[in-house]
Amino acid sequence: MDVLREFEQHNPRALARAISRAEAGRGGELVRALYAKAGRATTVGLTGPPGVGKSTLASALVRDARARGKRVGVVSVDPSSPFSHGALLGDRIRLAEHFTDDAVFIRSMASRGHLGGLAGATADAVLLMDAFGFDLVLIETVGVGQSEVAIAELAQTTIVALQPGSGDSIQVLKAGIMEIADIFVVNKADHPMADQLRREIRSMMEMQHWSGWVPELVATQALEGKGIDELVAAIERHALYLNETGELERRRRDAFTHQVRQLALGRMERRLDRALEAQPRNGLDPYEAADRIVTELGLDG
Amino acid sequence: MADRPLRIVIAKAGLDGHDRGAKVIARALRDAGMEVIYTGLFQTPEQIVQTAIQEDADGIGLSILSGAHMTLFPLVVEQLRSQDASDIVFFGGGTIPAEDARRLKELGVREIFTPGAPLQEIIDFVERECGKRRALAS
């Protein structure tokens, strides 16, 4: 099957295959052909620790978007095993109600050794869904710890979901994912510790001087659909802010630069690996070895 | 085409809530280096086939322990056909009598594994058959 032609005819199998090609590192040709069609979709990232309710929140956001007649793509990333390279991708379970809605396309991705909370091909998958004509693309990261912040480079709006009862007030003061939120969600808001977490996030935010967008804080019970209207309203306010201030263009440029950097870096890494394999440079100290190899590859200066 | 892992959908259909077997298989395939997409319980044949299409799966493994296998397996085969997706390797497992298994295989289910089937045999089957499909597709 000619994937590009079928893609342009809106065959979902072609989209599925295009994403597989991107995952295999062979998506360049398709992305080149489809790049001009992308850039219309709203992209929203959902991140947070394992079990916080990212998939359930995603499902609730899909339900809301469908009620407004929007077409939705979902990219859901789960970790690959560092040992077998296999993966168990279980995020779809929470999205089952949307499986047969042909205006919803859900793709699970294994991280395949990529750090930062996303897979190497997540940006391509989002671009392909955008070019396919989805109005909204939701990106769910792997369950993250404290420092996986790649989502902020990719999504227009980043939602950081947290749950009550998982650590003291110092946790919300730490650097990392607490700094990338456009919107904080306290999910499982019926938990007895929920108010405490909200207070801690608020007081953390009061300590910072904000210019421009101040992160919003929304309490949800995603399973019951509670707080989802407020979350959607916060996402819309952020989208409006991005548009009115020109921040959207800046974020797009940054995302573009980031992806170019990643692609170029990948190619340089492969050259470096080949050179190191061919000549391991034993007997030198590591700094000397690095100097020499960088010079040999013409990468210094 | 070993440039990416095999992708397998493991599914539970109908009103069958017993998913220990499906989880054991999912884990075994994961440990054999495959990317396993687990659908969760109570899926319809249409949901299972849509999942396999969106996930660009090489195979679908359906577990049925409820006795409804003669209804649900043929419905999945039919869905695959109507979606022009019969190239996806469809196999199953469960408490399925030999005579029923024979009939299901005639209908287009590629293999039926019954209780006691060694995990390695299932892994070998999936690697072999899905590998063949990949070779054909590329």
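**Entry 1: helices α1 and α5 of chain B**

I looked up how helix α1 (residues 20–31) of chain B lies against helix α5 (residues 119–137) of chain B in this predicted model. Their axes come within 10 Å and cross at roughly 60° (axes are lines fitted to C-alpha atoms over the stretch in contact, with angles from 0 to 180 degrees between N-to-C directions). I therefore recorded α1(B) and α5(B) as oblique to each other (under 35 degrees is roughly parallel, over 145 roughly antiparallel, 65 to 115 roughly perpendicular, and the rest oblique).

I then listed the residues that make the contact (C-beta atoms, placed from the backbone, within 7 Å): α1(B) supplies I25(B), A28(B) and L29(B), and α5(B) supplies L119(B), I122(B), I123(B) and V126(B). I sorted these residues into 7 nonpolar, no polar and no charged (Ala, Val, Leu, Ile, Met, Phe, Trp, Tyr, Cys and Pro count as nonpolar, Asp, Glu, Lys and Arg as charged, and the others, Gly among them, as polar).

**Entry 2: chain A**

I noted 10 helices and 8 strands in chain A (DSSP runs numbered from the N terminus: H or I of at least four residues for helices, E of at least two for strands). The C-alpha trace of chain A spans about 60 × 50 × 40 Å along its principal axes. Of the 301 residues of chain A, 41% count as buried (20 or more other C-beta atoms within 10 Å of a residue's own, all placed from the backbone).

**Entry 3: conventions**

I number residues from 1 along each chain as its sequence is written, and chains are lettered from A and ligands numbered from 1 in the order in which they are written. As the model is predicted, local features need pLDDT of at least 70 and side-chain atom pairs count only at pLDDT 80 or more, while totals for chains, interfaces and linings use all residues.

Definitions and conventions. Contact = placed C-beta atoms within 7 Å. Buried ≥ 20, exposed ≤ 12 C-beta atoms within 10 Å, placed from the backbone.
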